[in-house]
Amino acid sequence: MNNLLRLIGRRLVALPIMVIGVTFLVFFLMSFSKIDPAYSALGEGASPAALEAYRESHGLNDPWIVQYWNFFVGMFRGELGTYGASETPVATRVMSAFPITMQLTFLGLLIGVVIALVLGVIAALYRDRWPDQVIRVFSIACIATPSFWLAVLMILLFSSMWGMLPASGPLPAFVDDPSGWFRRMLLPSVALGVPVAGSLTRVIRTSMVEELDKDYVRTALGAGIPKSVVVSRNVLRNALITPVTVLGLRIGYLMGGAVVIEVIFNLPGMGMVIIDGVQHNYPTLVQGVTLVVALAFIIVNIVVDMLYILINPRIRTV
């Protein structure tokens, strides 16, 4: 138990260090932007005096390190700056879009994990036989398929040709209309989750094969314990340790891919916010989206690391 608490404590200590590093990197990179926030907010027709007054009131004339400190302190107060002539808070826009991106990410993750778990276990139990060969071809095809191409293909098939599922339109709240929410989110989630399912299937299959070849499995089977019991209670649990570590990296891929998929399916998530920020020259809006996505990725990976520690008894004894 002491080792477990120490390992979890190390991850939690690393969290604020990574947060500082991410905020510094995002702010540093955005400082190279040639876009003047004053012009973006007031327009090119604004007078020099108005532009200078805007820069002064928003601290744009302060030294770079002072601007970063104000940005860093404001982040903990939930303030990420403003954008546009109406000075709309960036945090308000980001927080309205962020839940949609996370819903899409985790639904895509759920679809990918379920597909990979079923196919990976079947491929391992029937290794080198025809189910394994078919699943191997399918997984390679999934890995080689870009999510945006799959998204366009599914829109043509399931929405345009067959009219089975919507590819655009309003997204109802899950609590108000679960069926409508699921129908609206299904196509983008499948497009996002299928490539992940392909790569994760190979990992689960390899990990399962390694566990099935170990001595304790042969001993349990020789003792008369049914194979289904050995696989479900021992092999599968031990085999999932490696896929869990890979899953943390895949979540980052899903969050990045969700931004693109949202634009294709016209979902009002972080992807649409980034497009809006780029098209209208709102650097503070792009900066806020980038920062929130990066911080979410860090936190998710910290959670996955701690989950890995909890399910792997061997690492707790190190």
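This is a predicted model: local features need pLDDT of at least 70, side-chain atom pairs count only at pLDDT 80 or more; totals for chains, interfaces and linings use all residues.
Trainee: Why is Val194 called buried?

Mentor: Val194 has a relative accessible area of 15%. The term buried applies under 20%, so Val194, at 15%, is buried. This residue lies in helix α8, which spans residues 178-212.

Trainee: Which residues is Val194 in contact with, leaving aside its neighbours within four places in sequence?

Mentor: With those neighbours set aside, Val194 is in contact with Cys142 and Leu150. Contact requires heavy atoms within 4.5 Å. As for Ala141, its C-alpha lies 9.7 Å from that of Val194, and 53 residues separate the two in sequence.

Trainee: How many residues of the chain are buried, as a percentage?

Mentor: Of the 318 residues in the chain, 41% are buried.

Trainee: What makes a set of residues a nonpolar core, and which residues have the most contacts inside the largest one?

Mentor: The members must be buried residues of the nonpolar kinds, joined through side-chain atoms within 4.5 Å. The largest such core has 72 residues, and those with the most contacts inside it are Leu80, Met208, Phe265, Met270 and Leu291. Helix α5, residues 90-125, supplies the largest share of this core, with 13 residues. Another core lies apart from it and has five residues, including Ala38, Ala46, Leu51 and Tyr54.

Trainee: What is Met270 in contact with, beyond its neighbours within four places in sequence?

Mentor: Met270 is in contact with Val94, Ala97, Phe98, Thr101, Glu262, Val289, Val292 and Val293.

Trainee: Why are Phe24, Trp64, Tyr68, Trp69 and Phe72 called a cluster?

Mentor: Two rings pair if their centres lie within 6.5 Å. Ring pairs link these five residues, Phe24, Trp64, Tyr68, Trp69 and Phe72, and they are therefore described as a cluster. A search of the whole structure finds seven aromatic pairs.

Trainee: What can be said of the chain as a whole, in its helices and strands and in its contacts?

Mentor: The chain has 13 helices and two strands. Among contacts with a separation of 6 or more, 71% join residues 24 or more positions apart. The C-alpha atoms fill a box of roughly 85 × 60 × 35 Å along the principal axes.

Trainee: What are the figures for the accessible surface and the charges?

Mentor: The accessible surface of the chain comes to about 16,700 Å², with 68% belonging to carbon and sulfur atoms. The chain carries 22 positive and 18 negative charges, and their mean positions are 16 Å apart.

Methods
Residues are numbered from 1 along each chain as its sequence is written. Side-chain values use heavy atoms; hydrogens and water are left out. Helices (H or I, at least four residues) and strands (E, at least two) are DSSP runs, numbered from the N terminus. Buried means under 20% relative accessible area, exposed over 50%, partly exposed in between (1.4 Å probe, protein chains only). Accessible areas come from the Shrake-Rupley method with a 1.4 Å probe; for residues, only the protein chains shown count as cover. Lys and Arg count as positive and Asp and Glu as negative; His and the chain ends are not counted. The place of a charge is taken as NZ of Lys, CZ of Arg, CG of Asp or CD of Glu. Rings of Phe, Tyr and Trp (its six-membered ring) pair if their centres lie within 6.5 Å; planes under 30 degrees apart count as stacked, over 60 as edge-to-face and the rest as tilted.
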